[in-house]
Amino acid sequence: MGKLSTPIIFGAIAVLGAVSLAIIALHQGESISAVWMVVAAVCTYAIAYRFYARYLAGKVMQLNPARLTPAVRRNDGLDYVPTPRNVLFGHHFAAIAGAGPLVGPVLAAQMGYLPGVLWILVGAVLAGAVQDMMVLFMSTRRDGKSLGDMIRTEMGNIPGVIAQVGVLMIMVIILAVLALVVVKALAESPWGTFTVAATIPIAIFMGLYTRFLRPGRVGEVSVIGVVLLILAIIGGGHVAADPVWGPAFTLTGPTLAILMMAYGFIASVIPVWLLLAPRDYLSTFLKIGAILALAIGILIVRPHLQMPAITPFIDGTGPVFAGALFPFLFITIACGAVSGFHALISSGTTPKLLENENQIPLIGYGAMLCESFVAVMALIAATVLDPAVYFAMNSPAAIIGTDAASAAAAVAQWGFHITPGELEQLARDVGEHSILSRAGGAPTLAVGMAHILSNVIGGKAMMAFWYHFAILFEALFILTTVDAGTRVCRFMIQDLLGVAVPKMRETKSWGANVVATALTVALWGYFLYTGVIDPLGGINSLWPLFGIANQMLAAVALILGTVVLFKMKRERFAWVAIVPTVWLLVCTLTAGFQKLFHPDIRIGFLSHARKYQEALGAGDLLAPAKTAGDMHRIIVNDYVNSALTAGFLFVVLTMVVYGVLACLKAWRNNRPTVREYPEAHDLTPGDEAADIARA
Amino acid sequence: MPEARRASGQADLACLCRDAALRWGRGVRRTAGLMIGQPDYDAYVAHATATHPDQPPLDKVAFFRLHEQRRFGAGSGGFRCC
């Protein structure tokens with residue numbers, strides 16, 4: 001392996017990647033194998049990791065393997081632990097991989113597979129992975145400080161507080177949207193509802209087991225839990241077919257929404273060992289297992305992409321979500337391309353476990369590439385379905401009607417042909433009453449996964465099992481996010497309320513606990529409920545709001561990265577953060593502006609409100625409102641959504657202003673003004689504590 | 001003695017494979033533990049006995065409970081990605 005072999009190997013990878021991309025981009029007519037998409041993705045990642053991540057590490061950040069990381073310097077065996085890089089990679093990947101990269105690409109598939117896959121690849125390589133890596137780098141150099149703390153110390157107190165409030169708003173909207181995905185997947189599905197409900201007693205049993213029977217034995221209890229889950233999936237089929245229990249578990253969206261809120265409240269108030277922690281074991285292991293299974297399944301089955309490369313819906317007339325390719329594709333696929341939420345993970349536990357600075361590219365950049373690959377797989381799962389099935393599943397009933405005949409007629413108008421009988425047969429195959437208008441991404445992904453996995457194991461007979469396996473896997477880890485997120489939000493609210501009422505800060509106080517949890521659940525529950533009763537399915541208006549929020553957080557993290565590079569006097573390399581920041585700002589500001597002011601009532605909240613107001617003035621009722629009170633509620637809801645969007649715009653714009661000011665100040669200064677933890681040889685003995693206090 | 005050499009070579013190979021499998025198994029176990037917020041107990045004990053030989057380290061169950069609480073407690077823990 002001499003100096004010559006590297007250019008040859010990577011030259012070959014580049015050529016292979018370019019050929020694969022050309023094949024998927026230029027292909028026309030009949031279907032094309034998904035393997036080309038996998039090859040294009042893997043080659044892109046390899047080139048980016050080998051060259052761009054190395055450039056970031058060497059030239060931009062000047063990572064120094066001799067510099068002690070917080071894990072080594074403050075090793076306490078508990079919070080700060082130097083961890084082998086492969087172990088840490090697994091931990092970091094499990095923490096950043098969530099439902100986002102699975103749902104976004106499925107929704108974006110309405111524009112065809114090409115725009116989605118290009119954004120996933122380019123976004124991850126130039127924006128998402130850069131953000132994750134920069135935040136990990138900054139936090140490692142600052143003793144594992146959180147994003148909010150770093151914004152406060154590097155940019156000032158006011159931007160710090162604004163960012164904190166912004167994170168809280170983003171959390172609320174994320175919890176609402178994720179809960180909505182679960183409600184959409186379980187509504188009118190007794191099989192799915194039973195299996196997901198069964199996870200509660202299973203988790204409680206596991207909690208009692210690790211508490212009293214065999215304390216701390218998570219390995220064996222997780223195996224028991226997974227076996228029970230599989231039994232629950234099989235049992236769910238019998239429950240759904242039962243004349244008494246079937247209807248008992250057939251719940252409507254609004255009922256499920258209320259149950260979710262009650263569940264979220266209880267789960268985050270009771271001790272964590274009873275429900276939250278054991279459920280977390282199940283969801284983590286199931287998530288990793290399902291992702292691996294999907295990857296292996298795609299490689300074995302090598303399915304063909306049925307969706308056209310580009311559909312006419314890039315003009316914004318699509319039924320799945322409203323809005324044109326620019327900016328809404330870049331909002332819809334958030335996680336998988338770039339996700340601001342990763343900034344919270346990369347400045348959480350990971351920097352406290354990092355063994356050496358030279359592992360930052362692998363953990364920060366590499367794990368994001370894997371997450372991006374999960375998004376590519378989700379896109380494959382959605383686009384290997386017959387497009388007619390895809391659109392029948394993802395279009396709201398208000399557009400395609402409520403029976404198979406009307407749905408088949410509606411998708412035929414878009415040029416996709418399927419008989420009503422085929423739609424009904426597919427619903428029977430996956431063990432559901434109906435697959436029409438199951439928006440939210442999860443059911444579509446589940447049908448796609450069932451399609452792929454049943455080709456590996458079990459054939460058609462196992463399709464219903466695999467479908468409900470996929471639903472369970474998504475619902476389980478979304479619910480874990482909802483429970484844990486509710487707790488995180490509760491602590492944030494306690495912190496904020498503590499400014500006015502010091503008593504609220506006491507995290508051990510039952511009163512403060514219940515009040516803050518109830519407030520949190522009420523906040524996300526409000527958006528969840530309005531989403532559930534929305535005639536266009538809720539996902540339509542809430543998912544873009546979530547995307548805007550998530551991308552704005554990414555922009556904030558990248559602004560911090562730019563400021564830090566300026567303060568290090570490395571401004572000539574700051575373009576690595578500035579380019580993705582500008583792109584994210586252009587997308588989110590345009591999208592936010594359109595969500596507020598767009599004349600199309602499917603996109604603009606204010607024009608939607610105006611239409612309902614005018615109808616109310618004329619004494620008319622518009623669906624879904626049945627009374628004048630409903631009309632009022634819809635209008636209020638539009639104004640709440642508008643206010644939230646305006647809030648996001650305010651947060652990101654003030655951060656831009658503070659960021660520019662901080663950069664200018666650092667630029668004028670002729671010395672580095674960055675506040676890093678100093679290198680070991682810069683420290684005078686005994687001065688460490690003072691330096692930590694100063695930093 | 002080519003047979004003897006071959007036999008010892010096979011034994012070496014078996015040892016190598018076993019060691020690799022054990023190492024790999026430990027790595028997987030440690031990764032799985034950390035994914036659910038439970039860091040390596042052995043590493044903690046090694047560290048605790050090396051740095052604080054005067055104090056007994058936490059026992060396995062106490063260590064487990066501590067991290068169970070921390071993962072969902074106040075502060076930076078508990079963030080899950082969307």
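Two packed helices are described by the angle between their axes and the distance between the axes. Here, α26 spans residues 605-617 of chain A and α27 spans residues 628-668 of chain A; their axes come within 9 Å and cross at roughly 160°. An angle over 145 degrees counts as roughly antiparallel, and α26(A) and α27(A) therefore run roughly antiparallel to each other. The crossing of α26(A) past α27(A) is left-handed.

The contact between the chains comes next. Chain A contributes 45 residues to it and chain B contributes 25. On the chain B side, the elements that give two or more residues are α1 (2-35), α2 (41-51) and α3 (60-72). Of these, α3(B) supplies the largest share, with 6 residues. The side of chain B that touches chain A comprises 14 nonpolar, 7 polar and 4 charged residues.

Confidence can be considered for the complex and for chain B. For the complex, the predictor gives an ipTM of 0.86 and a pTM of 0.93. The average pLDDT of chain B is 83, and 80% of the residues score at least 70. Among the elements of chain B, the mean pLDDT is highest for α2(B), at 89, and lowest for α1(B), at 84. Where pLDDT is low, the predicted coordinates should not be read in detail.

Note on methods
Residues numbered from 1 in each chain as written. Chains lettered and ligands numbered in written order. Predicted model: local features only at pLDDT ≥ 70, side-chain atom pairs only at ≥ 80, totals over all residues. Contact = placed C-beta atoms within 7 Å. Helix = DSSP H or I, 4+ residues; strand = E, 2+ residues; numbered from the N terminus. Nonpolar A, V, L, I, M, F, W, Y, C, P; charged D, E, K, R; others polar. pLDDT = per-residue confidence, 0-100. Axes fitted to C-alpha atoms, helices over the stretch in contact; angles between N-to-C directions. Parallel < 35°, antiparallel > 145°, perpendicular 65-115°, else oblique. Left-handed = near helix turned anticlockwise from the far one by under 90°.
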